[in-house]
Each structure stands twice: as structure tokens, then as C-alpha cells.
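This report is meant for someone who meets the structure for the first time. Please have the sequence and the model open while reading.

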Amino acid sequence: MGKITGFLEFDRKDEAYAPVKERIENYKEFTKPLKESELKNQGARCMDCGIPFCHSGCPLGNLIPDFNDAVYQGKWEKAAQILHSTNNFPEFTGRLCPAPCEEACVLGINEPPVSIENIEKNIAETAFKNGWVKPEPPMNRTDKKVAVVGSGPAGLAAAQQLNRAGHTVTLFERDEKLGGLLRYGIPDFKMEKNVIDRRLEVMEKEGIEFKTGVHVGVDITAQELQKEYDSIVLCGGATVRRSLPIPGVDAKGVVQAMDFLPQNNRKVDGIPFKGEDISAKGKKVIVIGGGDTGSDCIGTSIRQGAISVTNFEIMPKGTTDRPEGQPWPFWPMRLRTSSSHKEGADRVFSISTKRFNTDDKGNLTSLVTVEVEWVKQPGQRPILKEVEGTEKEWECDLVLLALGFTGSETTVADQLNLEMDPRTNIKASAADYKTNVPGVFVAGDQRRGQSLIVWAISEGRQAAYYVDTYLMGKSDLPLKGEGDLPRV
């Protein structure tokens, strides 16, 4: 696919960023798009590799060589049709996905891989710009009603697919606006929220009913949903945050990332928020956790006016190359440096926090750390060991805990007597997404635990197929690896 010799002629070229001083003055996206000719060249780099491992690397099974070839040929509408056939929301994944497809790219064995994610984003943006993304309500309606609980990417994907099957779909969201963590967890500088709103407008015109500000399990019971709907699809997030079991964790100034980030997103959007104002302005900030959420905390703290931002990671500093034991095409745990890291954060690896110190009023004043090392033993998991004599005190005013999640909330599961796994995920196999209660299905983080946006969309699409089959005896919705080309 692409130009036969394209990977030999063209180097990888990524979007440029606005200068740091310029971009940290606001919360807008700051990438500078490539020219169309440059994007065609990037599409041309896609090899005729015989077996496109990018397909298996992508949780959605996107037809990557096909849309790369269409971009190379300048057939953007065709590219949009191909991309949307497997991905309901490429404008989300094109901005936010860590691109496991690129790590599985054959070209990536010995060269920089094809810039699949950026091509994907530009296909989606071109489709919206040219009016190719249009509401497509189903030709016929069934007499079946489906309730989808949770409006994150899994819920949105499940709702759109089930609506395409002709069912009457109602999407429930407990917050003021739809989007879940897409809206309240992802900073605007990574994805402005009009990107969500324009897609929701299309979905609403397709006939999906949105009910916001409705907390299922509280405002309406799960049993009431069972009586009113023929099927329920649970697509809530893994929202139970991980904390640190150390002295001083309750100090004023030790804050969960998912309290800090959603509040700031509400501020940016002009949405009222509850609780005390959390601000990094004029403070020495330490972010504990080296993943994407930690990176988002860094970028947000810098924009709020933090004096300094330091990022702690308990794992050792990764390499830029693939680590030993993680060969292509598997996802490698290599060192990843985000745009937020480049905005002025100090990164410290192989470090563990021992305690938080406070003044006599309970306000955070500092924390104490120790260096750690991971001791490998044959046939066993590495063991974390503290390095003797390495304790250090760090002055700080605000600590943000970006430590991930331990599972999902259980209110609805308890009301429906659903079986759970030890991590409070609802039990349902990927074979059919059914729970132990007939008619109740689960997808996304609430089934598989904390994961990626691209996995959530995949889960929502797959679950919709099995819900449709449950309701109608069969389904014409596509499964992973199958396209649905007439739909843009």
C-alpha cells in the first residue's frame, strides 16, 4: 500500500508544536498541522508488507494500509469511509491514542514507523471540514429499547452502533455534559471539547436520546431500568482511585489527579464545580505517577502558574529503544516524553514516597522519599527494594496523585446482583459481553479495568453486536476485523 518505494524516499514527519511560552498561556490545542502534500508523503511510507501487523496492534482492527493508500492518492473521502468503517470516533483516537499500531508497524523494525495516528486525525478533520460526517439515522426501527449507562468512549460507541441497528437507544450520564473522562479527565490542550460536541450533535440527529445529570443507581435504580428497557449496557469507567498507604496522605494539599483535572476542565468550560478550589498557582508541585494522567497534571499545573513541577516515577528510567524481552511487534515499555514533560517539569525515576509532612494546621509542607531498585529473580516478579541511606525531603505545597484506578464503582452492580472479579470489574467475557444477569451487558473499563480510549471504543462496538444478537437473534453489525464501508 502507499507508494512502493515511499518508505525509502520519505522520512517520518510529525506535527510541530507551538513554542512552549506561547502554548502554556492557554488551554487550546497547540499542534501545527502538516501540509496536504506532506501528509500524502506520510501515507506513501506505508509498505506493501504482506502481513500488516498494524491491524493486530490496533484494538479496533483499523484497516490502516487501506486508508494510508487512499491518503497517498489524495482520495480523502474514501479514506474517511475506510476509517469510519472500524472506528466511530477517529477524531478522539487521532489525538489521544498512544498508537499501539505504530509500535506494530513493520517499517518500525528498523526505521521510524508510519505516522498512523496523525494521518488518522487528519482524515477525521478533513471529513468534518468537508461535511462528509453526516447524521445517518437507521432506515427502520425495531421495537426494542436499550439503555446505555455511561457516556465515555465505550458508551458512545455502543450507543451509536445499537442505534444503527435500529433500536431505540437512551444514553445516561450522571455529569452535566456527555463524554465521561474524554470531557472531564482529558485537558483541553490535548483535545478541545468542541471536538466532542460536534460528534454528539451528529449522534443526537441520528436519533439517540441523551439524558445527562441522571445518576443510575441513585436518581433511578437499576431495577427501574430493567423494567423499562429490553437490554442494559453498562459502560461506566474505572473510577475508584488508587491512593498511597503512607503517613500524611490526608494532608491538605495532597490531591487526587482526578479531582484536580476535572475541576480545571470545568473551569475552562465555565461549568460550576463543587468543593474547594484546587490551584497550582504559585506552588511547588509534585506529581506522583509517570503515566498519561501524570503528564496531564504537569501540563495543567504549568498553565495554572506553578512555581515548579516535579514528576516522580517508581519505575526505573526506560530506554528509547525496545527493552530486552519486548520484541516487535509487542508494545514496549520504553521511555516516553510527552509535550507536557517538555514544558518545564523535572522527572525523577526509581523513587518512592515514604511520608507527607504538615504544619500544625494540617497543611502539606514537604514529603520524604527513598530511592528504590527492582530486584529480578528467575521465574518471579521483580521485587521492589529500598536503597539504604537515600532518604530525601522535598519541599512542596501541592502533591497530585496520578496512580491509576483500582476498579469501578459497584452501586449498579450491587443492585443487579452482578458477579464481580477481585478488582471490582463486572464479570463478562469478551466472547459475548454478557453478565450473569440476562439482558445486562458490560463493556469498557467496567469490564476490563482501566484501559485506553481505543480499547473502550472497541469494547463498545463489540458489545453492541452481542446486544443486537440477544435482542434480534442475529446481527448485521460488524465485529472486529469486519468493515461497514457505507457508513461515514
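## Basis and confidence

This is a predicted model, in which local features need pLDDT of at least 70 and side-chain atom pairs count only at pLDDT 80 or more, while totals for chains, interfaces and linings use all residues. Residues are numbered from 1 along each chain as its sequence is written, and side-chain values use heavy atoms, with hydrogens and water left out.

The chain has a mean pLDDT of 95, and 98% of its residues reach 70 or more; pLDDT is the predictor's confidence in each residue, from 0 to 100. Over residues 483–488, however, the pLDDT is below 50, although this stretch has 18 contacts in the model beyond near neighbours in sequence, a contact being heavy atoms within 4.5 Å. Where pLDDT is low, the predicted coordinates should not be read in detail.

## Annotated domain

An unreviewed UniProt entry lists residues 144–460 as "domain: FAD/NAD(P)-binding"; UniProt positions are given in the numbering used here, feature names are shortened, and annotations may be inferred rather than shown by experiment. In the model, the end C-alpha atoms of residues 144–460 lie 18 Å apart, and the span is 25% helix and 25% strand. Helices (H or I, at least four residues) and strands (E, at least two) are DSSP runs, numbered from the N terminus.

## Nonpolar cores

A nonpolar core is a set of buried Ala, Val, Leu, Ile, Met, Phe, Trp, Tyr and Cys residues joined through side-chain atoms within 4.5 Å; buried means under 20% relative accessible area, exposed over 50%, and partly exposed in between, with a 1.4 Å probe and protein chains only. The largest such core has 69 residues, and those with the most contacts inside it are Phe67, Ile123, Val148 and Val233. Helix α18 gives the most to this core, with ten residues. A second, separate core of 21 residues includes Val287, Ile298, Ala345 and Phe405.

Arg461 lies in helix α18, residues 453–472, and is buried, with a relative accessible area of 5%.

Gln161 is found in helix α10, residues 153–164, and counts as buried at 0% relative accessibility. Beyond four places in sequence, Gln161 is in contact with Asn88, Arg461, Ala464, Leu477 and Pro478.

## An enclosed helix

Helix α5 (residues 64–72) is largely enclosed by the rest of the structure, because seven of its nine residues are buried. Among the buried residues of α5 are Ile64, Phe67 and Val71, and what covers the buried residues includes α3, α4, α6, α8 and α9. Just after α5, Gly74 takes a positive phi of about 80°.

## Cysteines

A search of the whole structure finds zero disulfides, a disulfide being a pair of cysteine sulfur atoms within 2.5 Å. The closest cysteine sulfur to that of Cys46 is in Cys54, at 6.2 Å, which is too far for a bond. Cys101 is likewise in no disulfide, with the nearest cysteine sulfur, that of Cys58, 5.9 Å away. Cys46 is buried, with a relative accessible area of 7%, and Cys101 counts as buried at 8% relative accessibility.
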